[in-house]
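Hi everyone, thanks for coming.

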Amino acid sequence: MRKYIVGNWKMNGTSADLKEIEAIATMSTSYAVSVDSALCIPATLIDRATSRLPEFNLGGQDCHMNVSGAHTGCVSAVMLSDAGATLTLVGHSERRAGQNESDADIRGKATAAQVVGLKVIICVGETLEERDAGQALDIVLGQVEKSVPDNAASDWLSIAYEPVWAIGTGRIPDDSDVAEMHGAIREQLVGRFGADGNNISILYGGSMNGENAAMLLAIPNVDGGLIGGASLTAAKFEPILAAAAKSC
Ligand code: PEP
């Protein structure tokens, strides 16, 4: 499977950063022969960034499950698509925790995005308390089961396993724990969706950077990465793409 490397800019970026988005897009084309890449940027920048970079995959970080209506402050999947986005994240742990999003909400958002033709990355992951209590597998597999829609298919869905305690902390799990979790997610996807479950990309996210990417991307069933901090500049993002290209 081709590696899929996706940056998540979170709530970072104004018009002054359009140049950096352009630099990332230009740099990414050098790896496009073997690596798929994308950048999920603030909704306010999508229209301007996609106008400048129509060939590069730019996405949102969330979407509402409804098309339109009385949802002050929210952005629908139709709006993302209309602005030129080709993908969106849903269910990032910062939204599950900060906005109290449930698995049912995330499933609705994923469906709304798929209906308008966006590719979707559903994020899942356990907290440190859950891992320490030996519940990581149960929690994550439960999130996958409840947040992935029944019509999931590899041509539009990816999963990102992101241990909450690894996001933005510089800590990463042992490679055996990553292998166990990705293997269990794969098994569940194949059990539910048959052979196509083998083609659904399972990304690892949480403090991935240029130094640890080669090791993480070599773990079985790690089909790519979702990267926060190290996606903010082309200089930091490039070594991750280079590691992905080498791992093919
Ligand atoms: C993320 O935001 O999804 C993420 C993985 O962040 P970081 O790479 O900074 O840990």
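The second largest pocket has about 310 Å³ of volume, and keep in mind that this is a predicted model. There are 18 residues lining that pocket, and Y4, D36, K119, S154 and S158 sit closest to its centre. If you look for secondary structure, β2 (35–40), β5 (119–124) and β6 (157–161) each give two or more residues to the lining.

Okay, now the largest pocket. How much space lies in it? About 650 Å³. It's lined by 26 residues, and nearest the centre you'll find Q61, D62, C63, G73 and R95. Here helices α2 (43–52), α4 (93–98) and α5 each supply at least two residues, and α2 gives the most, with three. The class count for this lining is 11 nonpolar, eight polar and seven charged.

For α5 (residues 103–115) and α7 (residues 136–147), the angle is about 45 degrees and the axes are 8 Å apart. So are they parallel, perpendicular or oblique to each other? Angles under 35 degrees would be roughly parallel and 65 to 115 roughly perpendicular, so α5 and α7 are oblique. The crossing is right-handed.

Who touches whom? From α5 it's D103, I106 and R107, and they meet G142, Q143, E145, K146 and S147 in α7. That contact has one nonpolar, three polar and four charged residues.

Terms used. Residues numbered from 1 in each chain as written. Predicted model: local features only at pLDDT ≥ 70, side-chain atom pairs only at ≥ 80, totals over all residues. Heavy atoms only, no water. Axes fitted to C-alpha atoms, helices over the stretch in contact; angles between N-to-C directions. Helix = DSSP H or I, 4+ residues; strand = E, 2+ residues; numbered from the N terminus. Parallel < 35°, antiparallel > 145°, perpendicular 65-115°, else oblique. Left-handed = near helix turned anticlockwise from the far one by under 90°. Contact = heavy atoms within 4.5 Å. Nonpolar A, V, L, I, M, F, W, Y, C, P; charged D, E, K, R; others polar. 1 Å grid on protein atoms, 1.4 Å probe; cavity = no way out; pocket = protein on both sides within 12 Å on 5 of 7 lines; lining within 4 Å. Points joined across faces, edges and corners; volume = space filled by probe spheres on them.
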